[in-house]
Every structure is written in C-alpha cells, then in structure tokens.
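Subject: Structure handover

Hello,

Here is the structure for you to look over. My notes follow below it.

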Amino acid sequence: MKLNHIIKAQQFDRKSLDDIFLVASQMEKIALKGGSNILHGKTMATIFYEPSTRTRLSFEAAMLKLGGELISTENAREFSSTAKGESLEDTIRIVGSYADVIVLRHFESGAAERAAKVSPVPVINAGDGPGQHPTQALLDIYTIKKEIGKLDGISIAMVGDLANSRTVRSLAYLLTKYNNIKVYFVAPDVVRMRGDIKNYLTKHNVFFAEETDLKKVSSQVDVIYQTRIQKERFGENLDDFEKAKDKYIIDKDILKVMKKNAIIMHPLPRVNEISIEVDSDPRAAYFRQAQNGLYIRMALLKMILVG
Ligand code: CP
C-alpha cells in the first residue's frame, strides 16, 4: 500500500492501520539489524516551528536507518525565511522542490492541511498546534497492540490536559476504528475534553465518561494515557494553568490499584505528572512507546516513498 499525505487520524481505516503495523514490525527487525538502503536517493525535509525531541529525531533517525538523506530547519520561526515574512505556503512550495517528503510541525491548527494543498510532495503532520498529531496516534495504537495484545475491547483513561492535547485528540479519532472501546476522560475543569471529540465518539458509538477520581478509574482500565499540562497553550491565562497543574499525578498509590497487566502511556515530554518512582514498574510503557515511534515512522516513510 502506498501512502500520500498524513494529515489527520480520521484518514486511516482499519485495513490501512493493519498494513502500517505489519510494516512497522518488519521495520523493527530491520532497525535491530542496523538498517537498510531502501530509501537510498530519497530526501526528507523536517520543518519544525515548535520544539520537539521525539518526533523530529525519530523521523530523522528513521530516514537515516533506511539509507535516505535529510534536510532540516529545527527552529523554523527564527531560522527559516518565515522570520522575513515568507508564508507557510511559499515555504512548502520551495522545500517541496528540494525534498521527496516534508515533515511539518507548526503552531497553528490546520497548518498541515494548508501545506498539503500546495505541496508538490507528500506532507506529514508532525503536530499542528492543539489540532492533531496523527503519527503519534499511530505509534500509540501500535504500542497498545504490542503491550496488551489486542485493541478491540480495551478500556483507556485519558488524563491531564485534554483540551489542548493534540495527541489525545488524534488517539480518540483512531480508537473509533475498533470495537467495544471504553474511554474515560479525567481532566482538571479548565482543560476538559472538547465537545467536537465527544460528539465524534458519540457519532461512532464509542462509550465515554468524564470522571474526576483518578484512583477509581485507574483500577478499572487497561491503559492510562497521561498527558502534560501544556503551559505554552495557556497564553496570558496562567491562573488556569496553576489550577490544572499537579491535579492528577501517576505515582506509587496509582500503581497499587492498577490491574496487573495494565499499562501507563504518555506521549512525553513529562514534567512531574508521572513520578520518577513509576519508571521502574514494568507497566510503565512510555519509553517503549517512544521507541515504537521510530518503527512506525520508518514504516510511514517506506510506504510513502516506495510503497
Ligand atoms: N510526543 C511528542 O510529540 O514529543 P516531541 O514534542 O518531543 O516531538
């Protein structure tokens, strides 16, 4: 299967998800053997207008492991000609004449869609403000499948900054592709899950509930998906940030009530919403989750650039 633009989680159906996960498992083996040359002669551009560790570096590592080349601007607001007033559309047209695929992180929701409309090459949305982060959702679902062994029938608690988290938004969209999913939203009042996602889940017959007792929910679910309260999304409204931060923390008390085979996930970076003491518990899956990002991104680049 050949992929083109990757803009939003809803664009995938269950068959394409299965195909991506199959290729990702092949990529895992290739990465462990030291890589391959299947993308020799191909160039990837990474254009990042917001900070990143995992997404940019795992895409770049994925390209290098498959024998491709990369060009990159890691602080595009300051170091690209955006600083001189160039539009996103013009930047994309130009970079698309240098590269075979563009990986774009931007601070505005909808930016990747705008880029795809003018790009001569496939665009991958690496996070567009509070909008979506579809490749994160793919690696999240891949991680759940690997760790729990199934996707149908799972229950998941999404915790933290649900209003601003593009990762939980994309993950919620993808979960609608599976059967008998139960979603529990646990968020401080000021950052509760937005209505558009709740309406989408209702439309797709996915059970969800809004809860306030993290301990109670943690004892019931297969997956706890914790998120950071994103200070950078609050603007001047730091009173709301103070109300939200530190309200829900995963610590030893939560570990005590969790099911034996449940897992804790987090898109990372973490600040203090998961205590360090949790890291050594085998149910802490967030570092394995980040590593899966490499295999998913190798798979996506292969499927975009050579089919
Ligand atoms: N999960 C994620 O998007 O991390 P980065 O911001 O470090 O890319």
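I started with the cores. The largest nonpolar core has 64 residues, and those touching the most other members are Ile20, Ile156, Met158, Leu175, Ile296 and Leu301. A nonpolar core here is a set of buried Ala, Val, Leu, Ile, Met, Phe, Trp, Tyr and Cys residues joined through side-chain atoms within 4.5 Å. Buried means under 20% relative accessible area, exposed over 50%, and partly exposed in between (1.4 Å probe, protein chains only). Helix α12 (residues 286–305) gives the largest share of this core, ten residues. The core lies between domain 1 (9–132 + 293–305) and domain 2 (134–290), because both give residues to it. Domain bounds come from an automatic or database domain assignment.

Before you read on, the ground rules. This is a predicted model, where local features need pLDDT of at least 70 and side-chain atom pairs count only at pLDDT 80 or more, while totals for chains, interfaces and linings use all residues. Residues are numbered from 1 along each chain as its sequence is written, and side-chain values use heavy atoms, with hydrogens and water left out. Helices (H or I, at least four residues) and strands (E, at least two) are DSSP runs, numbered from the N terminus.

Next, the pocket. The largest pocket has a volume of about 420 Å³. (A pocket is an open set of points on a 1 Å grid over the protein atoms alone, where a 1.4 Å probe fits, with protein on both sides within 12 Å along at least five of seven lines; lining residues have an atom within 4 Å of a point. The volume is the space filled by probe spheres set on the points, which are joined across faces, edges and corners.) The lining has 22 residues, and Arg105, Arg166, Arg228, Leu268 and Pro269 are the closest to the pocket centre. Helices α2 (54–65) and α7 (166–175) each give two or more residues to the lining. Domain 1 and domain 2 each supply at least three.

Two of those lining residues deserve a look. Leu268 and Pro269 are joined by a cis peptide bond, with omega about 5°. Leu268 also has a positive phi of about 65°, although it is not a glycine. Most residues other than glycine have a negative phi, and most peptide bonds are trans. Leu268 sits in the loop between β9 and α12. With a relative accessible area of 13%, Leu268 is buried.

Asn205 has a positive phi too, about 55°. Its loop runs between α8 (195–203) and β7 (207–211). Asn205 is exposed, at 72% relative accessibility.

Best wishes
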